[in-house]
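Good morning, and thank you for joining.

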Amino acid sequence: MSERPDRGTLSDAVAAQRRARMVSGLRTLSRAPVAPSAPVAAAAGGPAGPPAAASGPAGPLAATSQDFCDICGTTIPADHRHLLALAERQIVCSCETCWGLRAGEGDWRPVGNRTLWLDDLRVPDDVWAGFQIPIGLAFFMVSTVTDCVVAMYPSPAGATESELRFDTWQRLVALNPVLEDLEPDVEGLVVNRLAEPPVHAIAPIDRCYALTGAIKASWEGISGGAGVDTAVADFFDGLRAQATV
Ligand SMILES: [Zn+2]
Ligand SMILES: [Zn+2]
């Protein structure tokens, strides 16, 4: 563990307060119009619904209970591969055949294949503040399409996106050389500063979008409810189980 003098004395009460702030941030987002990033919102809907979060929402998400290959339409198992449509930044579900035929061809990229748990990632509060992300839960990706670093944070409406100042991102990379190896477009850095201590991981980009999908699927009522907390906890438990350190 890295030393975190600023966090070592955080009481449970403060942690609870941070969680409350996160929920209130999400509540605001739930009322906001869907961001103009239509492809991102669509992508967030693609890999939705890890089994743990499938509590049977009576919404449009219920339609995803049967999985189909987005390319050829064949039925595929719940545990299937994903491709990234690079320009649209959209995750598509793929059968094995289409994955074999399309991965790496033209605009199609195979999503990243490693999950790396980053116990010692250093994210000082002032660096985090520079990202201007309203909640403590986000993922980051380097986009070769827009030539910038993009932060996405989950909301019930899907992923909300903001472009980062490159110098702020470079400060984070300078503190954490492991991020130099973050593969553009197909991998993301997932950050959960609502956990105590905060957790960080590098994950395939479809897994990153799955976090936003899980939150959307578990959202209840106006405030999001306990289901959101459970979905976030389940997501990181699953990530950790898959991860190499
Ligand atoms: Zn197919
Ligand atoms: Zn899928």
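The structure holds one cavity of 30 Å³ or more. By cavity I mean, on a 1 Å grid over the protein atoms alone, a set of points where a 1.4 Å probe fits but cannot get out; lining residues have an atom within 4 Å of a point. Volume is the space filled by probe spheres set on the points, which are joined across faces, edges and corners.

A word on conventions: this is a predicted model, in which local features need pLDDT of at least 70 and side-chain atom pairs count only at pLDDT 80 or more, while totals for chains, interfaces and linings use all residues. Residues are numbered from 1 along each chain as its sequence is written, chains are lettered from A and ligands numbered from 1 in the order in which they are written, and side-chain values use heavy atoms, with hydrogens and water left out.

The largest cavity has about 30 Å³ of space. Its lining consists of Leu84, Leu86, Arg89, Met141, Ser143, Val145 and Asp185. By class, the lining has four nonpolar residues, one polar and two charged; Ala, Val, Leu, Ile, Met, Phe, Trp, Tyr, Cys and Pro count as nonpolar, Asp, Glu, Lys and Arg as charged, and the others, Gly among them, as polar.

Arg89, one of the lining residues, sits in the loop between β1 (81–85) and β2 (90–94). Helices (H or I, at least four residues) and strands (E, at least two) are DSSP runs, numbered from the N terminus. Arg89 has a positive phi, near 50°. Its relative accessibility is 11%, so Arg89 counts as buried; buried means under 20% relative accessible area, exposed over 50%, and partly exposed in between, with a 1.4 Å probe and protein chains only.

Asp147 also has a positive phi, near 55°, and is found in the loop between β5 (137–143) and β6 (148–155). Asp147 is exposed, at 68% relative accessible area.

Most residues other than glycine have a negative phi, and most peptide bonds are trans. The bond from Glu196 to Pro197, however, is cis, with omega near 0°. Pro197 lies in the loop between β8 (187–192) and β9 (199–204).

How values were computed
On a 1 Å grid over the protein atoms alone, a cavity is a set of points where a 1.4 Å probe fits but cannot get out, and a pocket is an open set with protein on both sides within 12 Å along at least five of seven lines; lining residues have an atom within 4 Å of a point.
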